[in-house]
Amino acid sequence: MNTARFSSARKLRRALYAVGFASACSVFGVLGCRSGRATADDCARILDKIVELELHERGFRDPVLLQRKRDELRRRLGSELDECEGKSMRAGAIGCVEHATTTEEISHQCLR
């Protein structure tokens, strides 16, 4: 078993589930907290960024490997991606994900 593979999958699952909990403020109707619902594209962008950062943190810079890993995780985590779609997201979450420099930043700052 490749623990690195499972580490990426675990982090992605946590991030995708966090999307559902990220906008608790929207439940209470606080102005400016909610930007809407996560689209399939939003969820895929979160996955792509996590994979990119994970590989970068491990020293891999090959764009072919990056795309292969993205495709692999999209297949493996298809049900989690489907569950992510439609979840509430706070304003600026996707922008935060795009500018994140670590996976921890995504899960602890962008999607909370």
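Which side chain meets that of arginine 74 in a salt bridge? I found aspartate 48, at 2.7 Å, N to O; a salt bridge here is a side-chain nitrogen of Lys or Arg within 4 Å of a carboxyl oxygen of Asp or Glu. Arginine 74 lies in helix α4 and aspartate 48 in helix α3 (residues 40–57), so the pair ties together parts 26 residues apart in sequence.

I noted the conditions: this is a predicted model, where local features need pLDDT of at least 70 and side-chain atom pairs pLDDT 80 or more, while totals for chains, interfaces and linings use all residues. Residues are numbered from 1 along each chain as its sequence is written, and side-chain values use heavy atoms, without hydrogens and water.

I checked burial next (buried is under 20% relative accessible area, exposed over 50%, partly exposed in between; 1.4 Å probe, protein chains only). Aspartate 48 is buried at 16%, whereas arginine 74 is partly exposed at 33%.

I then looked up arginine 70, which forms a salt bridge with glutamate 52, the closest N and O atoms being 3.5 Å apart. Arginine 70 is in α4 and glutamate 52 in α3, so this pair joins parts 18 residues apart in sequence. I recorded Asp48, Lys49, Glu52, Arg70 and Arg74 as linked in a network of salt bridges.

For α4 I listed Leu65, Leu66, Arg70, Glu72 and Leu73 as buried. They cover an arc of only 165° around the axis (taken from the directions from the axis to the C-beta atoms), which puts them on the same side of α4.

Key
Helices (H or I, at least four residues) and strands (E, at least two) are DSSP runs, numbered from the N terminus.
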